[in-house]
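Please read the points beside the sequence and the model.

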Amino acid sequence: MTKFVQLLLQTLTLGSLYALIALGYTLVYGILRFINFAHSDVFTFGAWIAFTLATALGWAATDSPVFAMPVIMVLAMAISAALGFGIERLAYRPLRRAPRLNVLITAIGVSLFLQNVGQLPATFGKDPKVMPPLISAEPLFTVASVRIPLVDVALVALAVILVVALQWLVYRTKLGQAMRAVSWNEQYAALMGIPVDWVVSLTFMIGAALAAAGGVLYGLKYHQINQTADALWVLLGLKAFVAAVVGGIGNVRGAVLGAGLIASIEVFGAGYVSSKLPDLFVFGVLIVMLLFRPAGLLGNAAVEKV
Amino acid sequence: MRPPPTPGWLGALVRSTWPLLIGLAFAFVMQNVVALSIGDYYSKVGNAIGIAIILGVSLGIVNGYAGQFSLGHAGFMAVGGYTAAAIVYYGSIKLFGTKAIYGGALGPGELLLCAACIVGGVLAALTGWLVGLPSLRLRGDYLAIVTLGFGEIIRVLIKQSDDVILSQPQVEAADWWTLVDNLGGGFGFIGGPRYIDARNPFWVWVFVVIVCLVAYRLKYSNRGRQLLAVRENEIAAEAMGIRTTKAKVSAFMTSAFFAGIGGGLYAHELGNSLRPNELGFQKSIDIVIIVVLGGMGSISGAVIAAIGVTLLPELFREFKDYRMIAYALALVIVMVLRPQGLMGLKELWEVDWRDVGRRIVTAPGRLVRWVASAPTRARAALKAAADRRQEDRS
C-alpha cells in the first residue's frame, strides 16, 4: 500500500509536469500544425531563469520570504513568454507558408540554438546548479505512511489551476474562440477579421509561459538543474511530447490525459515491472498508438484530400 | 531509328565495375599516400569525415530522395555498430584466438571487419524494414516522431544488455549463443580490436566510394525517380502507378543498410567510444544537419557538408562553444532563405557556376541597395498599417 501511494504521488507530480509541457506542444500544433521542437528548451530555460532570478534577488537561502515563489514564478513565465514570442516572430513566421518539413527542421535548429546558447558562460554556464528551496520540503500530511511534502501539493495544485485556466481561456473567451477559429482555417479566420498573426503570437506566449511554470516547478521539486543541453532535459521534453501525441495532439484535454497516462506508465512500469525499462514502455506506447490510432486518444483523424 | 546497341556481358561487367575499381584505387591511395603525407592528426579527421559522408549520404537517400524525414539514423548506426563490434570482438577470439589486430592489410582480421560491417548493415536494414512499415500509414512529422521513438528504443535496449565484456578465456569457454547479450550495457562496448586508425583508413574510403556510387546510381535510376516523385507529391506518384509503400520501405532499408555500415566503421575507429549515449538523438540531429546543409537530395552536397561540418570545428578549436550555435543558426537561416538546402537536388557538376559567380559578384551591390532602401520600405509598411487602421475606423 505504501509503495502504491508513493508511486501514485510520483505519477501525479510527474504527470503535472508533463501536462504543463505537453499543453504547449498541443496548442502550437493545434494552430499551426507543426511540432515545436524548441518547446522543451523553453521549459529548460524556465528553470534556469527561475534559478538566475532567485540568486539575483538574494533568495538563495532557506529563509526566503513567502512571496518569493509566486514572484519568481510569474517573472519566469513572463520572460519565457517573451522568449516564445521572439522565437515565433524570428524563426517560424517567415516559414508560415513553407512545407512542414522545413518548419520541422527550423524548429530543430531553434532547439539546438537555445540549448547551446544556454551553455555559454555568459548565460547559464555548463555546471549543474542547485535550485534554492523556495518552498519547504517539510511533509504537509501523511497518507498511508507516505509523507507528502508541500512542494508536491503545490506542484499538482498549480498545474491543475493552470490547466483549468487554459481550458477556460480556450473554450470560454473571445481569444480562445479566435484561437480555435485559426486552428480550423487560418484564411477564413483572417477573412472574419481575426488578427491571425497576433493570435499565433499569443498562443506561443501562452505555451511558453506554461512550459516555464513547469520548469520552475521542476527546479523546486528536484532541486538540481542541469546544463541546458543535458540529455535529461531532452528526454523529459520528448516524453512530454509523446504525452501530447498519445493524448491526441492539438487537443487540450488530450494533452492532460496523455500526460497522466505516460506518467503512470513510466512510474508504475518502473515500480512494478522493471526499473530499467520505463523509457522503453513510453516509446513503445507511442509507436503502438501511432500505428493503430495516429490521431491519439482524443484527436480527430484528419482526412487527407487531394 | 536504330535501338542503341546492347552491350555484351563483358561490356556490361566492365561498365558496371570500373567506377568501383577506381574507387578501390582511391581508397588505396588514401591509405598509402594521403594518410602518410597529411600526418596522423588530419588523417584521423579524415576518417571522421569519411564516416560522416557515409552517414550523410545514406540519410540523404531516405530524407533527400524519398522526402521521408527520419530522426532515428543514429539508431541504425547503433544496430550496425554493435553487431559489427560483437562479431569482430568475439569472432576474433573464437577464430584467431586473440582479441588484438590479426593479420595485415586485407588479412583475415580485416576481412572479418569487412564481413562484420556488412552483416551489421544487413541487420540495420532489417531494422529499417521494421521502421519503414509505419511509414505506410504516417507522413511528415508523425513519421519523424516514430523514427525518433525507434531510435530511443534501440538505445534503451542496448543499454539493458549485459554490461560485462567477457575476457578471452571466458569467451573461449562460452557458447556462441550466450555471447549475444554481452554488449557492454551503459558503459559501452570496449576492448575490441581497432582496425581503423590514422594509418589505416582503407575500409572507410572503400565504403565511402560504395555508398556514393549506390546513391548516385539510385538517384538517376528508375527507382530513384520514383522516390523523387513520392517526395514531390505522394498522391500524384501513386496515381502514376508508383507503389509508394514499396518505394518508401526500400528507401528506408537502403539507407539503414549504409547507416549500419557507417556504425560498424565508427565502432572500429580508434578513439571512438561505442556507447549508447553517444548514439542518441543528438547524433541523429548531427546527421540531419549534414543532409539539410548539403541539400536535400544532393550527394556531392552531402559530401561537402560532411567535410565542412567535421573539418571546420577542428580548424576553429578555440571557438568550440560556438560551434553548435553556428550550426543551429545555419540550419534556421538555410531553411528560411533556401529551403531546399544549399545545393538542392543538384550535384556539383550540374550547378550553373556562371550564374552563381554572377550572384556572388552582385551580392555586395544588392546588399547595399537592400540596406539603403530599408527606410523607404519601413515608411511604406507604416503607411500601409496606418491606412488599414484608418479604414477600420471609418
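Predicted model: local features only at pLDDT ≥ 70, side-chain atom pairs only at ≥ 80, totals over all residues.

1. In which helix of chain A does A:Leu75 lie? A:Leu75 lies in helix α3 (residues 68-92) of chain A; helices are DSSP runs of H or I with at least four residues, and strands are runs of E with at least two, numbered from the N terminus. At 37% relative accessibility, A:Leu75 counts as partly exposed, where buried means under 20% relative accessible area, exposed over 50%, and partly exposed in between (1.4 Å probe, protein chains only).

2. Residues are numbered from 1 along each chain as its sequence is written, chains are lettered from A and ligands numbered from 1 in the order in which they are written, and side-chain values use heavy atoms, with hydrogens and water left out.

3. The whole structure holds 24 aromatic pairs over all chains. Rings of Phe, Tyr and Trp (its six-membered ring) pair if their centres lie within 6.5 Å; planes under 30 degrees apart count as stacked, over 60 as edge-to-face and the rest as tilted. The pair of A:Phe43 and A:Trp233 is edge-to-face because the ring centres are 5.7 Å apart and the planes stand at 75°. A:Phe43 belongs to helix α2 (residues 39-56) of chain A and A:Trp233 to helix α9 (residues 231-248) of chain A, so that this pair links parts of the chain 190 residues apart. Both A:Phe43 and A:Trp233 are buried.

4. In chain B, B:Phe26 and B:Trp205 form an edge-to-face pair, with 5.9 Å centre to centre and 85° between the planes. B:Phe26 is partly exposed at 35% relative accessibility, whereas B:Trp205 is buried at 8%.

5. Ring pairs also join A:Tyr25, A:Phe37, A:Phe241 and B:Phe281 into a cluster.

6. Which residues of helix α8 (residues 222-232) of chain B are buried? They include B:Gly224, B:Leu227, B:Leu228 and B:Val230. Seen down the axis of α8(B), the buried residues fall within an arc of 155° (taken from the directions from the helix axis to the C-beta atoms), so they line one face of the helix. The face turned away from the buried side of α8(B) carries the exposed residues B:Asn222 and B:Glu232.
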